[in-house]
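This briefing goes through one protein chain by topic, from its overall make-up to single residues. Please keep the sequence and the structure in view while reading.

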Amino acid sequence: MAEPAAAPKRRQMSVDDYVEGVRSSDRAILARAITLIESRNPAHRSQAQEVLNALLPFSGEARRIGITGVPGVGKSTFIEAFGKMLTGAGHKVAVLAVDPSSNRTGGSILGDKTRMQELGRDPDAYIRPSPSAGTLGGVARATRETMVICEAAGFDHVIVETVGVGQSETVVAEMVDFFLVLMLPGAGDELQGIKKGVLEIADMIAVNKADGEIKSRARRAAAEYRRALEIMTPASPNWRPPVSTCSALTRDGLADILAEITRHREILSGTGEFQKKRQEQQVRWMWAMVRERLMARFEEDEAVRRLVTQLEDEVAGAKLTASAAADRLLAAFGFERD
């Protein structure tokens, strides 16, 4: 019986191949370029950086929108409806995700292409889940770089969804132009559960699911959020976050949200704050890369790897303090204390 023929090997691509493919919006090459920059293989890092540097001049013009929300708020339905509204108006939309929890659950955030089937079939939309494993810093780095590639491919709206909770919201807020927080209808109890930190970084709050019998509850919730924001100092001296209601199901209020995103860009651009924010994001990105690469070098160091298990056991068994163990690991890495 004849053996099945081996699958043909994929052609190795040059930096020019990647750049030309991305610039021509070739979906297959776009996906391969993103996979390249997500790779942790040291052999891929050099080429990935060359590709990014070549594409960087073609990025930066898109609207970068971050979206978060409490569990059950309907982020997927909202993003799909919002994305379809944008593509219907002639825009190209990329949806990215920051999901630091995926390496703990083993799941992919999006089953996204199953969560957003209609948007996933739209020729003017592109949905990309976060890497299936990795630290928050690593996932955020990949998302920032994916943003550059998608913008160079011609996507003029990039939506970054935060699926994890806690620090991921701050990380996403720091890489986008506009951070939208979706809330559930219902005042009082929901308001008590909101972290102050999320309100402090929001550029807008939208109470979703404002349809049918619960529309009045959504309006009351919006009034509560407005009162909460009134007693807080806004993050920007030029922008006070608005609060609105919307329904991803009926698409009511989505155009109003887009109008606020547009108004925010115009106001901050007029004052110079938008340009300054983008510059500060680039500098933060640089330092995030320094930290990530130092940590990667540290974890890959042979002398460190030989000590790790022993020191972990000694710390767990209360035979050695965490501080002393850290000093020994750093010394093995060649870091000298003052």
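A residue counts as buried under 20% relative accessible area, as exposed over 50%, and as partly exposed in between. By that scale lysine 209, at 33% relative accessibility, is partly exposed. The model discussed here is a predicted one, and its protein chain comprises 16 helices and seven strands. Of the 338 residues in the protein chain, 45% count as buried, and among contacts with a separation of 6 or more, 76% are between residues 24 or more positions apart.

- Most residues other than glycine have a negative phi.
- Because its relative accessible area is 38%, arginine 251 counts as partly exposed.

**Helix H3**

- Helix H3 covers residues 42–55, and its 14 residues should span 20 Å at 1.5 Å a residue, which agrees with the 21 Å between its end C-alpha atoms.
- An α-helix has 3.6 residues a turn, so residues three or four places apart point the same way.
- The N-terminal end of H3 is capped by asparagine 41, which places a side-chain oxygen 2.8 Å from the backbone nitrogen of alanine 43.

**Helices H13 and H14**

- Helix H13 (residues 254–271) and helix H14 (residues 273–300) have axes that come within 5 Å and cross at roughly 90 degrees, so H13 is roughly perpendicular to H14.
- On the H13 side the contact is made by Arg265, Leu268, Ser269 and Thr271, while H14 contributes Glu273, Phe274, Gln275 and Arg278.

**Histidine 157 in strand S4**

- Histidine 157 lies in strand S4, which covers residues 157–162, and its 3% relative accessibility is why this residue counts as buried.
- The side chain of histidine 157 is joined to that of aspartate 156 by a polar contact of 3.2 Å.
- When residues up to four places away in sequence are not counted, histidine 157 touches Ala62, Arg63, Ile65, Leu86, His91, Lys92, Val93, Ala94 and Leu258.

**Alanine 33 in helix H2**

- Alanine 33 has its place in helix H2 (residues 27–38), and because its relative accessibility is 1%, alanine 33 counts as buried.
- Apart from its neighbours within four places in sequence, alanine 33 is in contact with Tyr18, Val22 and Ile149.
- Alanine 33 and glycine 21 are twelve residues apart along the chain, and their C-alpha atoms are separated by 9.0 Å.

Technical notes: Residues numbered from 1 in each chain as written. Predicted model: local features only at pLDDT ≥ 70, side-chain atom pairs only at ≥ 80, totals over all residues. Heavy atoms only, no water. Helix = DSSP H or I, 4+ residues; strand = E, 2+ residues; numbered from the N terminus. Buried < 20%, exposed > 50% of the residue type's maximum accessible area, 1.4 Å probe, protein only. Polar contact = N/O pair within 3.5 Å; in protein donor to acceptor, adjacent residues only side chain to side chain. Contact = heavy atoms within 4.5 Å. Expected span 1.5 Å × (residues − 1). Axes fitted to C-alpha atoms, helices over the stretch in contact; angles between N-to-C directions. Parallel < 35°, antiparallel > 145°, perpendicular 65-115°, else oblique.
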